[in-house]
Amino acid sequence: LKFLPARVQRICRKDAPPVKLPYVETDAAGIAAVIDISGFSALSARLQEVHGLDGGALLRDAINSPFDKIIRAVHSRSGEIVKFAGDAAVVCWSEPQATSLRRQHLLLESFFCCLELLREFKEKMVQPSESDSIGIHIGVGYGTVNHIHLGENSGGPSAAAARREYLIGGSAVFVAGNLLSCGNRGQVVFHDSYWNNLGLAISDVTLKQALKQVIVDSLGDTMQNYVVIEGGDLVSKGFLQEANRIQPIEKDESTSQSVDGDLNQLAALQYVETSVVHYLMAESSSKQASEKDGNVQDYQSGRADRYSDLRNVAVLFIRFPNVHLELPLGNVDHEDHNQADGVLSPLSAAQFLTEAVLRSAHHHGGSLRQISFDDKGFTALAVWGLRGFAHHRAESRYALKASMQVAQVIERKRRSVRNASATALDGVSIGVASGVVYAGLIGNELRMDGTVLGTAVNLAARLMCLARQFDAVEVLPTRVFICCDEASFEESRHWFKFDTSLPSAKLKGWNEPIPVFMPLSEMDNWQKSTINKSSSRLVGRTGEVEMIEQSINKWALGEPNQIAFFVGKSGMGKSALVEHMFRLVSTSAEWVCCSYAFLGSLLRNFAAELREKGVQPQELAAFAEASNRSTNESELSVATTEPAALTTSTSFTDSDASYLQELLTALQCSSRTLAAISTIPGLWKSKSSDRRASIASLRTILAPLMVQMFRAIENLGFKISLFCDDAQRKNKRRMGPSGTL
């Protein structure tokens, strides 16, 4: 329950009718606030600089302390935490069916909530250390609040990735986001319409007079009218003492936010970010196992750190500036949503774009973090590299592939809608950035959610907003602007063609201009490598790394050969550890290191590695034992697939193929063994019924052949390290109930 706003809990009850998307409820007189934590970005940078990988836990504690105060204040004052957006919280006081008396109550409750937060952060400033301090500033809007539900309907084309997002739009939300920039730390900025209605709700004359004394600033123009009050003045001018005399109006129980009836868990989990769902499932399994073993106390003691760590990720931020969710949308359900063909309303555009991002992220192994609406407009945030969504190659590759897929989907949609309504798809911009972030849970027992915090997230958001700066640049034919940072460019330059002529951009929060790169297209015949020797550095896993290094050192000094298993759920970082181990042992000229996904690739990759080390096939002849002596060829069922030349494998050059032929000849392989090996490139693509039997036959040939090859290489003075990574195949779910190797 704590992962869901109360409004989502109510529509996910077992006794509630099913909701088809898009679904909207509109409140014509709602209140929205954006509560931003000041100083957190500087604090996170300092903690990471000083404490390195240990800064993750400190970062969690630093952000949870102010969020705990915010959550408790909002809940105690009838408010609702809609979303956590980085180091800010989006809050609303909105009940579409509320009476006029209840609306006055919500105005007073929201006002007193802001006052209490100002006092809390003024008197008890959060200070993780003497040099750090955290405060807040708040923007409050009044007007239309649209309660919007977007995403996949069950049974849709990507039902496996069924995800739903609840967000709020409307003029109140848009104004609240914009007002943040009008105030400083320790201040609340109220929109003029809120302030005027608040004056009507406060009947006490003394309090009204006191309220005028604490106004720090006000502005009235045709664009934006607002009033600013400051926490220090509330205390020094005695306003809080006067305010404490006012008793809030009793809550109207008919509009209670409480949830009646049991929760439909399947429906509820669709509103929770997918990597958090994986965590919840793991928590449930761990709890059941602990209760079975009687170790409930041990289970409870480690819960806080289970989903909190630093991870190397790629972040994708998308902005849809012409989807105007600040407009009143009315009450809309799926049936009302059917419109004339070729017409794209703001709501239908939002639904279409949400589905496009969801499907692209899911297809390319990422996780949609959230869909939001704020002063930047309608935006989406997706992440690659979270638990259950980690790849053993550059995460930015997948983020850029998803970006280009979204761009293509948008362009196809543009061609199918009328020109007048196609403007909702104009001006789309995407920013991609890579780096180390804190990924974990924030909140308390009342309200909690997953979050991703770090420089990469902030940078992706800044890059997303660069489209206007590069108006003069000839952008992609899809009319979608995509750019990435230097780290993403370096990781993906071998798979994409980039425009590297863009000037560096001066971004808010960065002292120096940031290099910007624009992906133009995916390269033809890009090739996946089983393990990338130049992979980015490993983040975390200090204990496992020490164990690996000790094992390698002992083995190098002459201890017996070993097998090391890396076991865990998909996305936990097994491949990153394997890559790290691979890099450790591949630096020595005396070690032959080879990675593979199956026996056929082992033979091919091992031969390529020997060629790179300068081993001559003739050197093996003295140690070779004919492979036909180790197997009874009359019992072999040689693969029936059409033999293919070894060069048909895109990662195998002509020189490698020629070298392998010489190598097999030096090992005195029989003609029948050579014929069987030649079928390998086509066999793994075959769909014939006897494919399984053919693979089994190949194993009986290759196993003894590889053993004698290893012995020959060892006799030449080399040490051998083999790495088999069970890489997830395309179109298969990365997360399963059991661990993988």
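# Briefing on a predicted 741-residue protein model

Helix 14 (residues 346-363) and helix 15 (residues 395-416) pack with their axes 9 Å apart and at an angle of about 145 degrees, where axes are lines fitted to C-alpha atoms, for helices over the stretch in contact, and angles run from 0 to 180 degrees between N-to-C directions. This is a predicted model, in which local features need pLDDT of at least 70 and side-chain atom pairs count only at pLDDT 80 or more, while totals for chains, interfaces and linings use all residues. Residues are numbered from 1 along each chain as its sequence is written, and side-chain values use heavy atoms, with hydrogens and water left out.

**Overall make-up**

- The secondary structure comes to 25 helices and 18 strands, these being DSSP runs numbered from the N terminus (helices H or I, at least four residues; strands E, at least two).
- Of the 741 residues, 53% count as buried, a term that means under 20% relative accessible area, with exposed meaning over 50% and partly exposed the range in between (1.4 Å probe, protein chains only).
- Among contacts with a separation of 6 or more, 77% come from residues 24 or more positions apart, a contact being heavy atoms within 4.5 Å.
- The protein exposes about 33600 Å², of which carbon and sulfur atoms supply 49%, with areas taken from the Shrake-Rupley method with a 1.4 Å probe.

**Helix packing**

- Helix 14 passes helix 15 in a right-handed crossing, which is the case when the near helix is turned clockwise from the far one by less than a right angle, and left-handed if anticlockwise.
- On the helix 14 side the meeting residues are F352, L353, A356, V357, S360 and H363, and these face A402, Q405, V406, V409, I410 and K413 in helix 15.
- Helix 16 (residues 455-464) is largely enclosed by the rest of the structure, because 7 of its 10 residues are buried, namely A456, V457, L459, A460, A461, L463 and M464.
- Those buried residues of helix 16 pack against strand 9 (309-320), strand 11 (377-384), strand 12 (429-443), strand 13 (448-453) and strand 14 (481-484).

**Aromatic pairs and charges over rings**

- The structure holds 14 aromatic pairs, counted when ring centres of Phe, Tyr and Trp (its six-membered ring) lie within 6.5 Å, with planes under 30 degrees apart stacked, over 60 edge-to-face and the rest tilted.
- One of them is the edge-to-face pair of F582 and F723, at 5.2 Å centre to centre and 75 degrees between the planes; F582 lies in helix 19 (residues 574-585) and F723 in strand 18 (residues 719-724), so the pair ties together parts that are 141 residues apart in sequence.
- F582 is buried at a relative accessible area of 3%, and F723 is buried at 6%.
- F606 and F710 also form an edge-to-face pair, with 5.2 Å between centres and 75 degrees between the planes, and it ties together parts 104 residues apart in sequence because F606 lies in helix 20 (residues 599-613) and F710 in helix 25 (residues 691-715).
- Ring pairs also link F111, F112, F190, Y194 and W195 into a cluster.
- K719 lies over the face of W555 at 4.4 Å from the ring centre, the criterion being NZ of Lys or CZ of Arg within 6 Å of the ring centre and within 35 degrees of the ring normal.

**Surroundings of C12**

- C12, in the loop between helix 1 (6-11) and strand 1 (23-38), counts as buried at 2% relative accessibility.
- Leaving aside residues up to four places away in sequence, C12 touches L263, N264, A267, A268 and Y271.
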